[in-house]
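The following exercises are to be worked with the sequence and the three-dimensional model at hand. Each task is followed by a solution in steps.

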Amino acid sequence: MTAFDTIVRGGRVATAADVVTCDIGIKDGRVAALAERLEDAGRIIDAAGKTVTPGGVDGHCHLDQPSTDGTVAADDFLTGTRSAAAGGTTTVIPFALQMRGHSLHEAIEDYHGRAQGKALVDYAFHLIVTDPTPQVTGQELPALIQDGYSSFKIYMTYDDLMLNDGQILDVLAVARRHQGIVMIHAENSDCIGWLTERLEEAGKTEPRYHATSRPRPVEREATHRAITLAELLDVPILIVHVSAREAVREIQRAQARGLKIFGETCPQYLFLTEDDLAAPGFEGAKCICSPPPRDKENQQVIWDGLSNGTFQVFSSDHAPTRYDDPKGKMIRGTKASFRWIPNGIPGIETRLPLLYSEGVGKGRIDLSTFVALTATNAAKIYGLYPRKGTIAVGSDADIVIWDDERELTLTNDMLHHNVDYTPYEGTCLKGWPATVLCRGQVVFEDGEVKGQPGHGEFLPCAQPEKAVPVGRPVTDFQPA
Ligand code: URP
Ligand code: ZN
Ligand code: ZN
């Protein structure tokens with residue numbers, strides 16, 4: 001019997017706190033030792049000269065999520081987690097969606113069934129609350145928070161999902177009383193509906209008008225309102241998929257006033273613009289997501305928000321539908337108005353490599369900030385830390401060893417999702433995961449997925465960790 005099952009030898013090991021060169025000893029799926037030199041293992045993985053980071057925690061992705069419009073999610077728990085593993089993500093937190101008229105327990109049971117035996121990496125669930133009846137807010141949610149479902153998303157837009165302000169307060173009150181964390185999709189629904197009608201009246205229905213129908217003030221107003229509702233009840237919230245300067249400023253203003261407002265952004269707001277929605281023919285549909293990608297100036301604001309601490313979490317918002325598919329982006333044909341094109345784009349595999357190459361590689365963020373944004377903070381906010389999101393003695397051995405020198409041009413063929421496109425086709429990157437371990441098992445190595453369906457375990461989430469840094473000094477913003 002060896003002291004360790006595996007030793008990762010001599011890598012530059014990064015956590016959210018620091019970067020040290022050391023060996024990592026792994027035993028029974030956990031990190032058992034960190035030291036200058038370890039010996040005696042069944043397998044030694046040479047990481048000399050390579051960067052080693054914790055496996056990514058994707059705090060926002062949609063896998064096998066049913067729709068109300070007949071579209072089919074392209075990725076289930078097998079293809080979605082296969083793709084996650086190949087991109088260095090070892091924990092995913094998709095959503096269990098409550099259909100109106102149904103209980104949260106039904107949603108949870110359904111999702112456990114969908115994940116069972118399929119996941120290659122570990123998973124937890126957020127809830128999506130669409131029907132906050134007294135039974136839901138009084139009984140179900142409090143009990144579910146205790147049972148390991150401590151985060152729930154609510155929508156301020158989409159007719160079949162959205163809550164009104166009173167309902168939002170009902171949900172926030174539960175989060176306050178029982179220490180859950182509420183994630184909010186902040187866009188003003190009536191404004192979007194009104195603008196959509198005007199655009200359609202004018203015959204402006206191509207994919208590019210999706211962006212016109214959801215301009216930045218629509219996101220700002222809802223972000224401001226969400227923060228106001230959270231302030232009324234003095235409860236932390238997380239604003240998901242922030243895209244625009246105005247929303248960023250609202251979050252910064254709230255953080256500067258001492259409110260616990262977390263912010264999340266996603267690759268699409270760094271690497272896509274509304275011009276991508278204006279691609280020839282129907283191609284722009286490939287980049288339709290909400291909020292929509294903005295412009296170069298707003299991309300810079302998002303980069304600044306990642307480096308200055310406004311954002312705590314960098315997620316994929318992987319919401320995959322196939323493009324050339326009557327159950328995907330083309331559900332109503334290529335002449336349909338943008339309002340009928342399913343929202344959401346794929347990105348579970350490209351999330352880490354994009355930020356690693358363009359963020360760390362180009363000096364926009366440091367390595368510890370990369371780790372905090374892609375793993376540690378999500379693990380803390382969603383109650384999975386320190387089991388997940390770091391490399392420390394006792395943590396799960398979820399580890400990415402990077403091939404820092406690999407230069408590549410992204411193409412959809414190299415990805416492992418079940419989607420027929422990537423919005424990042426042709427993007428040149430430097431750095432890609434060489435080896436990925438999930439609880440000590442190699443799940444990706446030398447370009448090949450090695451993980452087995454069913455290896456992934458369900459992770460009950462504790463209540464959010466309070467010590468997540470929010471609103472570190474912001475260099476580009478002075479509160480008015
Ligand atoms: O367009 C998006 N983001 N679709 C996915 C669902 C959501 O709102 O996160
Ligand atoms: Zn959303
Ligand atoms: Zn989403």
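**Exercise 1. Describe the donors of the zinc ion (ligand 2) and their place in the fold.**

Step 1. Along the chain, the donors of the zinc ion (ligand 2) are spaced as K-x31-H-x55-H. In this predicted model, local features need pLDDT of at least 70 and side-chain atom pairs count only at pLDDT 80 or more, whereas totals for chains, interfaces and linings use all residues. Residues are numbered from 1 along each chain as its sequence is written, chains are lettered from A and ligands numbered from 1 in the order in which they are written, and side-chain values use heavy atoms, with hydrogens and water left out.

Step 2. The protein donors are Lys153 (NZ), His185 (ND1) and His241 (NE2), lying 2.1 Å from the zinc ion (ligand 2). Donors are N, O and S atoms within 2.8 Å of the metal (3.2 Å for Na, K and Ca); water is not among the atoms, so sites may look incomplete.

Step 3. Lys153 belongs to strand β10 (residues 151-155) and His185 to strand β11 (residues 181-185), so the pair ties together parts that are 32 residues apart in sequence. Helices (H or I, at least four residues) and strands (E, at least two) are DSSP runs, numbered from the N terminus.

Step 4. Lys153 and His185 are both buried, a term for under 20% relative accessible area, with exposed meaning over 50% and partly exposed in between (1.4 Å probe, protein chains only).

**Exercise 2. Which residues coordinate the zinc ion (ligand 3), and why is the arrangement tetrahedral?**

Step 1. His60 (NE2), His62 (NE2) and Asp317 (OD) coordinate the zinc ion (ligand 3) at 2.0 to 2.1 Å.

Step 2. The angles subtended by the 4 donor atoms run from 89 to 121 degrees, and therefore the arrangement is tetrahedral. Four donors count as tetrahedral if all angles lie between 85 and 135 degrees. For comparison, the ideal angle for four tetrahedral donors is 109.5 degrees.

Step 3. The spacing of the donors along the chain is H-x1-H-x254-D. Distant parts of the chain are linked by the pair of His60, in strand β6 (residues 56-61), and Asp317, in the loop between β14 (313-314) and α11 (351-360), 257 residues apart.

Step 4. Both His60 and Asp317 are buried. A distance of 4.0 Å separates the zinc ion (ligand 3) from the zinc ion (ligand 2).

**Exercise 3. Locate the largest pocket and the largest cavity through their linings.**

Step 1. On a 1 Å grid over the protein atoms alone, a cavity is a set of points where a 1.4 Å probe fits but cannot get out, and a pocket is an open set with protein on both sides within 12 Å along at least five of seven lines; lining residues have an atom within 4 Å of a point. Grid points are joined across faces, edges and corners, and a volume is the space filled by probe spheres set on the points.

Step 2. The largest pocket holds about 1,200 Å³. Its lining comprises 47 residues, and those nearest its centre are Asp69, Tyr158, Asp160, Leu161 and Asn343. Two or more residues each come from β10, α5 (189-201) and α6 (209-213), and α5 contributes the most, with 6 residues.

Step 3. The count of cavities of 30 Å³ or more is 1. The largest cavity has about 30 Å³ of space, and among the residues that line it are Ser83, His318, Leu415 and His417.

**Exercise 4. Examine the backbone at Tyr158, Asp234, Pro291 and Pro386.**

Step 1. Tyr158 is not a glycine, yet its phi is positive, at about 75 degrees. Tyr158 sits in the loop between β10 and α4 (165-178) and is partly exposed, at 22% relative accessible area.

Step 2. Asp234 likewise has a positive phi, near 55 degrees. Asp234 lies in the loop between α7 (216-233) and β12 (237-239) and counts as exposed, at 57% relative accessibility.

Step 3. The Ser290 to Pro291 peptide bond is cis, with omega near -10 degrees, and Pro291 is in the loop between α9 (268-271) and α10 (296-307). The bond from Tyr385 to Pro386 is also cis, with omega near 5 degrees; Pro386 is in the loop between α12 (367-381) and β15 (399-409).

How values were computed
Tetrahedral: all angles 85-135°; square planar, octahedral: opposite > 155°, others 65-115°.
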